[in-house]
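Good morning, and thank you for joining. I should like to take you through a few elements of one protein structure, and I ask that you keep the display in view as we proceed.

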Amino acid sequence: MRLRLAAGGPAALKVLAAAQAVAAPVRLSWGGPAEQPLSSLCPPWAPTLELDSGTVLFSPNAICQYFFLVSGEEPTDLTNQWLEWEATELQPAVLAALYAQLVQGKKGAEAVGALVKSLTYIDQSLSRRGTAYLAGDVKSVADVVVWGALFPVLQDESSLPDELKVLRTWFQSMSLLEACRKAADSVLVPKGLLEFKCYLQKQPPPCLAVERPTSNEPEEEEASERALTEEEVAAAAAAWARGAAALPKPWQPQKPVLPVEGMRNVLITSALPYVNNVPHLGNIIGCVLSADTFARYCRLRNWNTLYVCGTDEYGTATETKAVEEGLTPQEICDKYNAIHADIYRWFNISFDYFGRTTTPHQTTIAQDIFQRLLAHGFLLQDTVEQLRCEGCQRFLADRFVEGTCPFCSYEEARGDQCDKCGKLINAVELKRPQCKICRGIPVVKPTQHLFLDLPKLEEQLEPWLEQSWTKGDWTANARYITRSWIRDGLKPRCITRDLKWGTPVPLDGFRDKVFYVWFDAPIGYLSITANYTDQWERWWKNPQQVELYNFMAKDNVPFHSVIFPCSLLGADDNYTLVNHLIATEYLNYEDGKFSKSRGVGVFGDMAKDTGIPADIWRFYLLYLRPEGQDSAFSWSDLMLKNNSELLNNLGNFINRAGMFVCKFFGGTVPDMVLTPDDKRLLARVTLELRQYHQLLEKVRIRDALRCILSISRHGNQYIQVNEPWKRIKGEEEDRQRAGTVTGIAVNMASLLAVMVQPYMPSISVAIQAQLCIPPDCFVLGHDFTCTLPPGHRVGTVSPLFQKLEHDQVEALRKQFGGGQPEELTVVPQAKPTPPASGALPAPASGTPPAPGDPQLIQELMEQVAKQGTHVRQLKTSKVEKVLVDAEVAKLLELKKQLALAEGKSPEVPVPKGKRKK
């Protein structure tokens with residue numbers, strides 16, 4: 001192998017360190033940017049590795065990974081994730097820091113300012129995992145690559161922030177490794193660095209304008225700090241003078257919303273929530289709230305926008321829930337669909353249509369796609385080994401099985417996917433599997449199923465993915481997860497299940513089966529749209545005119561980036577495929593996870609009972625939206641952000657601006673005579689507005705929120721410096737100045753009313769009403785303009801936010817902290833004699849069996865189902881309420897005993913309208 005490096009080139013450092021770390025047998029040659037590269041695709045200063053086969057590698061990270069691979073170190077998901085992060089997040093920041101050092105002559109903390117976010121991320125990752133190295137307790141290719149990127153900037157360790165102690169320890173240990181020391185001595189030679197500096201001087205300054213801190217704390221943006229040019233100030237003043245006439249006219253689509261020729265047509269979906277549970281805050285921010293915020297922004301931009309969602313109602317999860325609650329699957333779907341709809345209505349989610357998957361349109365469209373895949377030869381038939389529970393006399397669908405994950409050894413992995421490592425699993429691969437119904441040990445038996453031939457579809461999938469990644473905005477985790485699937489090689493994927501509750505398979509020999517929920521569920525986007533309009537194909541078979549955005553949490557990515565696109569590509573019916581796949585990381589609760597059974601965390605149906613308005617929940621969830629890494633809900637932080645950012649910053653500014661108009665100028669916006677300082681403020685606000693647009697166009701929802709808060713912070717500072725409450729009492733010049741300051745401030749408040757609408761729609765409406773903002777001004781342009789001119793009358797101004805008190809928040813923390821310890825000790829019931837119809841089991845006696853007795857669980861489940869049917873019959877027969885209540889009490893007691901037998905908390909359902917404290 002021949003390795004060519006350029007002395008002084010920063011990418012050369014990690015490549016040489018990797019080669020020396022594994023003693024790779026390479027022939028080393030040195031060159032510079034002027035030398036003819038081994039490949040025409042190779043950029044200046046990039047290392048190249050020519051293999052003995054003639055293949056040329058010129059991606060530094062690929063070269064490093066190749067060295068470790070030939071030495072016997074297999075890549076892991078974690079090392080791959082670090083390499084992806086280093087290439088997409090760290091490298092641009094390092095280049096900016098090198099430019100600051102070598103070209104601009106900056107030193108110390110000033111030079112590494114662009115790296116603070118990345119350095120903090122590494123420190124937090126090492127701290128959280130508690131390991132000596134990035135991917136474990138031994139060094140890996142990830143350590144060499146990340147160290148090699150950082151070392152040229154951080155050779156002088158004094159520039160490392162003092163608080164990043166874990167990062168410092170790691171960095172020092174890597175710098176002391178012989179391979180790293182030798183590589184640094186060879187690469188970072190004075191002549192090479194001088195040549196690299198000359199090269200950088202000819203390049204434009206690296207731009208990190210859209211980069212934002214990942215912490216939950218707001219920071220002043222670089223755009224706000226940099227010096228303004230005279231051209232920017234003049235342009236801002238001219239835009240201001242044009243007034244509301246400079247804004248585009250708000251556009252309202254006809255109903256139903258359909259694509260319009262010549263307009264930007266945006267179709268938005270959020271992952272269909274499972275109907276069998278109540279969504280918690282993490283579910284809400286991961287899908288519907290993020291999509292809603294973006295949909296509202298699109299409408300403010302006059303983009304023709306359709307936002308659809310609904311409940312995913314078929315599959316094992318629904319059957320499981322139906323058994324638990326003694327209801328039929330349809331009754332479960334009806335109950336929880338209404339619960340979901342109520343929750344999203346309270347959170348002010350602006351669906352154009354919220355539907356469900358248990359509809360005739362779902363059957364028609366899913367079966368049509370299936371028939372087209374069959375006709376085009378993309379389906380396989382095979383005999384598969386499947387788990388069968390002899391006690392229950394049924395093949396077990398994925399979610400009726402639990403066991404130990406074969407990949408990460410998590411002991412509560414489901415039969416379809418591990419919640420810990422995220423890998424998809426075939427149920428037969430589980431170690432120590434158990435039937436969730438009876439806790440018996442299932443046996444493996446053969447059964448016939450149909451498969452989607454993903455390997456055959458891969459030649460269509462890969463070019464489509466490359467095109468979508470090039471033209472669209474996919475989050476980094478979505479790209480990484482999808483690449484992992486492609487890299488590991490696609491395998492045929494089973495699309496049928498031995499269930500009754502689902503879309504029937506329209507093929508002889510399989511008519512007793514249904515479609516697997518993850519083949520069927522994404523088709524729900526199409527069928528829900530079909531329930532909204534009979535012209536649904538104008539959205540879903542129109543890729544030339546429609547841009548599709550999918551919102552989801554990261555665990556749903558493979559189904560939306562691989563399986564569903566393959567289904568549509570194979571169907572070959574001009575379907576609209578996803579252009580922008582937006583995936584969040586996870587939102588945790590305080591120091592743990594949300595758990596409905598243990599009462600830990602706030603769930604959607606509980607939020608309104610806290611007394612905290614929906615817009616405050618929306619603001620806080622969007623403020624800590626897990627865009628780049630997991631984040632955590634915190635009651636203390638919620639109180640802090642409400643009281644500081646909303647009450648003292650945003651609310652304080654808007655209230656003061658409006659009150660000054662009312663108090664000092666009789667409710668009428670005064671005349672304004674702009675000074676140079678005023679014009680600079682207009683330019684600052686314009687910069688923030690344009691940054692807001694840049695971020696939201698890239699669906700950086702959390703980061704764009706900081707622009708709103710930054711504008712209100714500028715406004716508060718502007719008022720404090722100019723003191724209009726004092727100037728109004730002075731001479732004519734002072735009174736005129738008070739009028740100018742008040743007029744500009746109230747127009748900033750008018751702009752904020754529009755900008756805040758995607759985040760806090762009710763607050764936006766309140767500001768609009770208080771300031772009497774004309775409806776034609778409720779649209780987003782790219783310039784800050786005077787929408788409330790002199791003479792405009794405002795209405796009654798009142799506070800927008802209320803303070804959250806410490807005692808109030810502590811009470812809520814306690815309420816949602818869980819009433820049961822993590823490991824619940826229960827007194828199990830002895831095995832009962834099967835009772836007569838309607839009778840309760842006899843009291844337990846003797847030595848109680850351990851929880852998990854499969855026979856006892858099976859008997860109790862049968863009794864719960866039987867008693868549930870009995871109760872429904874009584875209700876249908878309209879017998880006296882006292883008799884119904886007595887039978888309901890028996891049903892609740894049976895459910896309590898079942899929970900005890902299963903080792904769960906014996907919670908009794910709370911009557912409607914009341915909540916258990």
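I begin with a contact between two helices: Leu454, Leu457, Gln460, Leu461, Trp464 and Leu465 of α16 meet Ser561, Val562, Pro565, Cys566, Leu569 and Gly570 of α21. Sorted by class, this contact comprises nine nonpolar residues, three polar ones and no charged ones. Please bear in mind that the model is a predicted one.

How are the two helices oriented? Helix α16, residues 454-471, and helix α21, residues 557-571, pack at an angle of about 100°, and their axes lie 9 Å apart. Angles of 65 to 115 degrees count as roughly perpendicular, so α16 is roughly perpendicular to α21.

Next, the strands. Strand β8, residues 379-389, pairs with strand β13, residues 443-452, in the antiparallel sense over 10 bridges. Within that pairing, Thr383 has Gln448 of β13 as its bridge partner. Strand β13 is also joined to β14, residues 493-494, by two bridges, and these strands too run antiparallel. There, Leu452 stands opposite Arg493 of β14.

Finally, let us turn to helix α1, residues 10-21. At 1.5 Å a residue, its 12 residues should span 16 Å, and the end C-alpha atoms are 17 Å apart, which agrees.

Is α1 enclosed or open? Nine of its 12 residues are buried, so α1 is largely enclosed by the rest of the structure. Among the buried residues are Leu13, Val15 and Leu16. The partners against which the buried residues of α1 pack include β1, β2 and α3. Just after α1, Ala23 adopts a positive phi of about 55°.

Methods:
Residues numbered from 1 in each chain as written. Predicted model: local features only at pLDDT ≥ 70, side-chain atom pairs only at ≥ 80, totals over all residues. Heavy atoms only, no water. Helix = DSSP H or I, 4+ residues; strand = E, 2+ residues; numbered from the N terminus. Expected span 1.5 Å × (residues − 1). Buried < 20%, exposed > 50% of the residue type's maximum accessible area, 1.4 Å probe, protein only. Contact = heavy atoms within 4.5 Å. Axes fitted to C-alpha atoms, helices over the stretch in contact; angles between N-to-C directions. Parallel < 35°, antiparallel > 145°, perpendicular 65-115°, else oblique. Nonpolar A, V, L, I, M, F, W, Y, C, P; charged D, E, K, R; others polar. Pairing = 2+ DSSP bridges.
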